[in-house]
Amino acid sequence: MKRIIMMVLRNLLFVPWWIIQMKLYARDNDQHDEQQRYALLRKICRNAIRGGKVELIMSGQENIPEKDGFIMYPNHQGMFDVLAIIQSCDHPLSVIMKKEVADIPFVKEVRKIMGAHAMDREDVRQSMTVILDVAKEVAKGRNYVIFPEGTRSKNKNHLLEFKGGSFKAATKAGCPIVPVALINSYLPFDSNTIHQVTVQVHYLPPITYEEYKDMKTTEIAQLVKNRIEKKIAEKI
């Protein structure tokens, strides 16, 4: 919370205008295209990260597919994860978020601007509908971020088990899977400090549909988890 307050205070002159823009871009009849909406989010993220005294170390952007229609699967450490990915990836992205946060002020506007989906983790039928809808969108060329742990790990850079069901969107879309290793992404919002912190974002080589099409989703989940864990071990 301290760092969020610092982000706001150090951008105080711009915050009212950003709020107005977000309200406008989040309207149901908004005419801005996806690139323009994503550019707004990246601008806000860039200034928030700078104002929050967060250094972002990025690598592997060359591994992000040039052609849209892919899904990124990062490990999940906290609220800062999405900011780090938006700031480090210039391809417009959407995300699956948990239903509990979908209508929180500011998050609601971000959800609408990104065209994100809210998933009720307690409702299997609704969750599968979201996965199928995402698969259809990815097949048409949209990009998504899905956190396969299902919830954030509270054990710093140690991962939870990756859920096989989260990879059904990829198998149904037949799209590239991009593993993403996040390191120390819990520090900005989950540590009680306003000192400068460093967060790392590493994009790993994509896994093509041809590579995983004959695998079970649980096997894909383990493959992606292993690659992320290996990268984290290399960098810590």
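Analyst: Helix α2 (residues 15–25) and helix α3 (residues 34–51) pack at an angle of about 155°, their axes lying 11 Å apart; helices here are DSSP runs of H or I with at least four residues, strands are runs of E with at least two, and both are numbered from the N terminus. Axes are lines fitted to C-alpha atoms over the stretch in contact, with angles from 0 to 180 degrees between N-to-C directions. The two helices are therefore roughly antiparallel, a term for angles over 145 degrees. This is a predicted model, in which local features need pLDDT of at least 70 and side-chain atom pairs count only at pLDDT 80 or more, while totals for chains, interfaces and linings use all residues. Residues are numbered from 1 along each chain as its sequence is written, and side-chain values use heavy atoms, without hydrogens and water.

On the α2 side, W18, Q21, M22 and Y25 meet Q36, R37, L40, K43, I44 and N47 of α3, contact meaning heavy atoms within 4.5 Å. These residues divide into five nonpolar, three polar and two charged, where Ala, Val, Leu, Ile, Met, Phe, Trp, Tyr, Cys and Pro count as nonpolar, Asp, Glu, Lys and Arg as charged, and the others, Gly among them, as polar.

Helix α2 also gives the most to the lining of the largest pocket, with five residues. That lining comprises 49 residues, of which M79, V82, M97, V101 and V107 lie nearest the pocket's centre, and it divides into 32 nonpolar, eight polar and nine charged. A pocket is an open set of points on a 1 Å grid over the protein atoms alone, where a 1.4 Å probe fits, with protein on both sides within 12 Å along at least five of seven lines, and lining residues have an atom within 4 Å of a point.

Definitions and conventions: Parallel < 35°, antiparallel > 145°, perpendicular 65-115°, else oblique.
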